[in-house]
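I opened the file to look up a few residues and some totals for the chain. My notes follow in the order in which I took them.

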Amino acid sequence: MISHRDSNAQRIAALDERAEALKLKRGMGIADARAMHPSIDVVEADAEADRRLLEGLADWCDRYTPLVAIDGEDGLFLDVTGCTHLFGGERAMQDEILTRFFQQGFDVRAGLASTPGAAWAAARFHGDRIVAFGEEEALLAPLPLSALRIAPETRISLESVGLRTAGAVMAAPRAPLARRFGATLLLRLDQALGRLDEAVSPRLPVAPLSVERHLAEPVVLTDDIERLVSRLAVALKTDLERRGEGARALALLLFRVDGAVSRVTVGTSRPLREPTLIRRLFHERLAALEQDIDAGFGFDLVRLSVLSVAAFDMLQGDLTGETVDDDADIALFADRIRARLGDATVLKPVVVESHLPERAVTTVPFAEAPQRRMPATGRSAPPMTIYPPERPVRLFRSPEPIEVPATEMPEGPPMNFRWRRALYRVARAEGPERIAAEWWRKLPGEEEAPTRDYYRIEDSEGRRYWLYRQGLYGASQASPRWFMHGVFA
């Protein structure tokens with residue numbers, strides 16, 4: 001038996017057939033059960049482990065339909081609309097599901113109906129039944145009130161007035177029921193009978209495009225999986241071309257014969273639909289996850305899905321039929337590195353609207369960086385370029401303080417300075433370039449940052465530096481301070 005804590009007492013949460021034969025019931029206190037049968041075995045429930053198991057079973061059920069939802073703590077909803085013919089019909093599909101679960105060691109009950117409520121009742125109270133359209137009322141009428149999926153307190157209140165079956169509730173006047181027991185009771189009843197629609201929200205987003213291959217002989221080797229990826233990608237390419245789109249994220253689902261499912265995802269920085277390139281990305285990803293993917297006795301179903309798409313811009317070729325895209329190789333290289341080492345491995349600098357040097361550029365993941373659009377000729381020649389003031393090749397993350405003798409000219413560049421315990425003599429200097437604080441970003445009550453005067457400095461040995469004076473002489477009682485912000489090549 002499985003126990004759980006309820007209202008400061010240990011109670012039976014689940015029990016097997018032998019425990020049921022001993023007249024034990026779910027919800028009974030463990031102390032009472034031990035008093036009746038001292039030799040029973042009781043195991044504490046692990047809610048988190050049960051949840052992981054249920055999610056694993058939901059992943060496995062993706063082989064039948066992508067619309068899989070978790071129902072409570074011990075159930076699954078599968079919306080198989082339009083899928084049953086792929087498995088030989090409703091009865092053949094349900095028998096296959098029950099057989100496969102039994103082979104995996106699970107005692108499963110299933111019901112199939114035109115409404116989620118009727119299917120739930122058929123599974124819970126019949127175990128293996130297919131309810132034809134229009135037979136929902138006949139199914140529910142003899143069943144107890146719990147078949148309507150109502151709250152326990154509502155069920156107890158209905159039983160107290162003599163309404164003990166779903167049929168008795170259906171025969172009673174609706175207005176008094178709603179007034180006394182609430183609108184939820186009639187909502188559940190109408191949903192089960194098909195008078196109101198009930199949506200099944202899938203636990204995972206449904207892929208816009210997906211192709212799969214059922215295998216007579218399970219595959220184990222990574223090379224075989226990669227060959228299957230190529231074949232599936234060829235099928236995807238036709239659909240992507242028809243839609244004028246390319247894949248930005250793809251998922252490879254590997255269904256193992258014993259029920260385990262491995263999910264491998266890759267992302268692209270640019271829309272992609274070439275099968276060879278898709279195989280390269282999954283080659284890198286599978287190589288990185290080789291130790292984490294356990295093939296067991298093999299995979300008998302392989303599915304390749306497109307999780308997100310974007311418009312695919314075709315490049316205009318020249319008279320020779322060749323196109324020039326200088327960024328394509330870089331994007332593919334970055335995608336392969338990201339597939340093997342993770343999205344945060346490759347970063348790209350992006351210009352930010354700020355005139356402060358340390359804020360003017362930030363780094364973002366390569367796939368999230370804005371892509372440069374190619375002109376119609378395929379040549380990357382912008383019509384106009386505005387060059388900002390010269391900036392150092394290496395900009396320090398945080399400016400480093402330097403020492404400038406107090407005898408220096410107050411409004412000009414320093415003649416000498418000490419940085420990192422070394423003395424430097426200035427041979428040439430350019431500037432100043434004045435950069436004021438961004439006053440529009442100052443928070444209320446926050447002190448405004450001092451003005452900076454930047455200088456490009458060359459020392460007596462030809463090394464070039466970028467330093468600035470923070471603050472102005474005479475503007476405050478504190479003396480201005482000097483900082484090193486970067487070095488030139």
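I call a residue buried under 20% relative accessible area, exposed over 50%, and partly exposed in between, with a 1.4 Å probe and protein chains only. The model is predicted, so I note that local features need pLDDT of at least 70 and side-chain atom pairs count only at pLDDT 80 or more, while totals for chains, interfaces and linings use all residues. Residues are numbered from 1 along each chain as its sequence is written, and side-chain values use heavy atoms, with hydrogens and water left out.

Entry: Arg338.
I looked up Arg338 and found it in helix H13, residues 328–341. Helices (H or I, at least four residues) and strands (E, at least two) are DSSP runs, numbered from the N terminus. Is Arg338 buried or exposed? Arg338 counts as buried because its relative accessibility is 6%. I then listed its polar contacts, a polar contact being a pair of N or O atoms within 3.5 Å; within protein, one must be able to donate a hydrogen and the other to accept it, and residues adjacent in sequence count only if both atoms are side-chain atoms. The side chain of Arg338 makes one with the side chain of Asp335 at 2.7 Å. Another, at 3.3 Å, goes to the side chain of Asp343. For contacts I take heavy atoms within 4.5 Å. Leaving out residues up to four places away in sequence, Arg338 touches Gly267, Thr268, Ser269, Asp343, Val346, Phe366 and Ala367.

Entry: Phe333.
Phe333 also has its place in helix H13. I noted Phe333 as exposed, because its relative accessibility is 55%.

Entry: Met28.
I placed Met28 in the loop between helix H1 (17–21) and helix H2 (30–36). Not counting residues up to four places away in sequence, Met28 touches Gln10, Arg11, Ile12, Lys23, Ala33 and Met36. I also computed the C-alpha separation of Met28 and Leu240, which is 57 Å for residues 212 apart along the chain.

Entry: backbone.
Most residues other than glycine have a negative phi, and most peptide bonds are trans. I looked for exceptions. The peptide bond from Gly431 to Pro432 is cis, with omega near 10 degrees. Pro432 is found in strand S16, residues 422–435. Arg149 is not a glycine, yet its phi is positive, near 60 degrees. Arg149 sits in the loop between helix H6 (136–140) and helix H7 (152–160), and it counts as buried because its relative accessibility is 15%. Arg421, also not a glycine, has a positive phi of about 70 degrees. Arg421 is in the loop between strand S15 (416–419) and S16; at 81% relative accessibility, Arg421 counts as exposed.

Entry: whole chain.
I counted 13 helices and 19 strands in the protein. The radius of gyration is 35 Å, well over the 23 Å that the globule rule gives for 489 residues, so the protein is more spread out than a compact globule. That radius is taken over C-alpha atoms, and the rule is 2.2 Å times the number of residues to the power 0.38. The C-alpha trace spans about 100 × 65 × 50 Å along its principal axes. Of the 489 residues, 36% count as buried. Among contacts with a separation of 6 or more, 54% are between residues 24 or more positions apart.
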